[in-house]
Amino acid sequence: MKKRIFSLLLVVAMVFSLNTFAFAEESTAKTSATRPDSFIAVQLNGEYLIFPDMKPEFKNDTTYMPLRAFLEALGAEASYNNATGIVTATKDDLKIESRIGSTRVMVTENGKAKIVETSSAPYISNGRTMIPVRYASEIFGFNVGYDNSEKTVVIIDTSKIADSFTDSFTLINKYMALSKKIIGEKKAFNGTMDIAITDKITEGSPVIKATGTFDSVISQTKADMNVTLNFDEKALAAVMSEESEESQKLILDVLSNLKMNLLMDINEGTYYYQYPSVAPLMGYSSNTWFKLDMNSLLEASGISMSMQSLVSLNNEGFENLMGKAFSCSTPTSVNDYKDMLAAVSMIETMLGDSAFRKVGDNYLSTYETTYKGTDIAISIKLLMDSSNVNGYEISATVKDSSSLSLSLTSKLDSKLNSTLDMTFGVPDVMDMSLNMNAQYSDTTKTPTGKPADGSEIIDLASILLGTTTQY
């Protein structure tokens, strides 16, 4: 790689003004597959960055990089304006302007300017301008994380990951369009379920069975659902034979007629749960609703997207959905870039158009792999009506002889009849099975997505955190 030299003469002004950047002669960063011998290393898209003239510095819990070499490694060009004392970096249609000691950065993208408040400010060290590594994420949109065991800052340009897809996803996009077509403006979704649980720890334990029903009204953005589950009282009593009569009665009262109500509003990012028979055991009335703010949970997880944005990706195609999924991932390991590329390969092998073969009028994809000792098999059959998907048969098995096994089959036919069969087992601990039958149908009802005004609402997050928020 050719050495690019950018020289700037700074005399007294560099010493007395925090508004002036130091741009001493600086070599372009090189890349290496091997970690450099430094306290803090920086990895970009799976390759370590080597800075010949100035190593990264760690200051106030922040990693700083030599400005020019770092920005050029990110694909940006840096320049210095002697008249204004401002360093400018440009990358495609993005331009940033910043000053020493200031956390405020002027960002201009596609001709529109805005001020971005960053977490740390640039400074001068040994005649070099040092900028926070967080510029990569806060300004340029790269994913930035830290591998603590390797003492390495991990930077990934996830747009390159998304661009590495070589196959098309025409069939999967048609599958994704099916749900929107089914629901339309709104639909009723009603059905039954059967559950069986076997305790394999206690010899001779009876199989605990339960039957249930659910009825719901759903739209593209809201859902109201009511679930009732009845456990076999005789089997429950046998399992709890060593418990006190008081405990037996308490549990039987709850599980013999277990009810749950669910309200959901995608636009607001909120879920509301109501457990009439369980809430009193927690010290709340049977009419209490428990609120779960999914947008707050996403934000706390480092995912800068709302539930509404995530769901809307379903309308933007599978490629965009995957691209956004990668962009929401915070790196935690120096192996993450390699793992993301492996995920792209796996996704194409399983879901790309070339993964499907035609079977009669339909399309079938089968995928098998072994990951860290776990055998995984997935089969996807898309039922076609001319050129459109109007149903599916999906099955998956996950088996690790030492820890668990899971088998799942989900089907939807052209008449909107839906079935789900699932078994789950942990060797020498328990087995569980779930069978569900349901159907979509037209309805005149409209989902509300939230409790009635004046309802008692408790924030679930506040319970988990040990505080109480009541609405």
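Guide: Asp147 has its bridge partner in β14, and that partner is Thr152. The model is predicted, so local features need pLDDT of at least 70 and side-chain atom pairs count only at pLDDT 80 or more, while totals for chains, interfaces and linings use all residues. Residues are numbered from 1 along each chain as its sequence is written, and side-chain values use heavy atoms, with hydrogens and water left out.

The strand β13 is joined to β14 (residues 152-156) by five bridges, and the two run antiparallel. Strands are DSSP runs of E with at least two residues, helices are runs of H or I with at least four, and both are numbered from the N terminus. Two strands pair if DSSP finds at least two bridges between them. The open sheet here has five strands in the order β1-β3-β2-β14-β13, with mixed pairing. Its edges are β1 (30-32) and β13 (143-147), each of which pairs on one side only.

Elsewhere, the structure contains 10 aromatic pairs. Rings of Phe, Tyr and Trp (its six-membered ring) pair if their centres lie within 6.5 Å; planes under 30 degrees apart are stacked, over 60 edge-to-face, and the rest tilted. The Tyr275 and Phe290 pair is tilted, because the ring centres are 6.5 Å apart and the planes stand at 45°. Tyr275 sits in the loop between β19 and β20, whereas Phe290 is in strand β20, so the pair ties together parts 15 residues apart in sequence. Tyr275 is partly exposed at 26% relative accessibility, but Phe290 is buried at 2% relative accessible area; buried means under 20%, exposed over 50%, and partly exposed in between (1.4 Å probe, protein chains only). Both residues belong to one aromatic cluster, together with Tyr271, Tyr273 and Tyr284.

The loop between β19 (270-274) and β20 (289-293) also holds Leu281. Leu281 forms a nonpolar surface patch with Leu250, Ile251 and Met282, of about 340 Å² accessible area together. Patch residues have over 30% relative accessible area and no salt bridge; nonpolar side chains (Val, Leu, Ile, Met, Phe, Trp, Tyr) are joined within 5 Å, like charges within 9 Å. A salt bridge is a Lys or Arg side-chain nitrogen within 4 Å of an Asp or Glu carboxyl oxygen. Areas come from the Shrake-Rupley method with a 1.4 Å probe; for residues, only the protein chains shown count as cover.

Ile251 has its C-alpha atom 9.1 Å from that of Met240, 11 residues apart along the chain. Met240 lies in the loop between α6 (233-239) and α7 (245-255), and Met240 is buried, with 7% relative accessible area.
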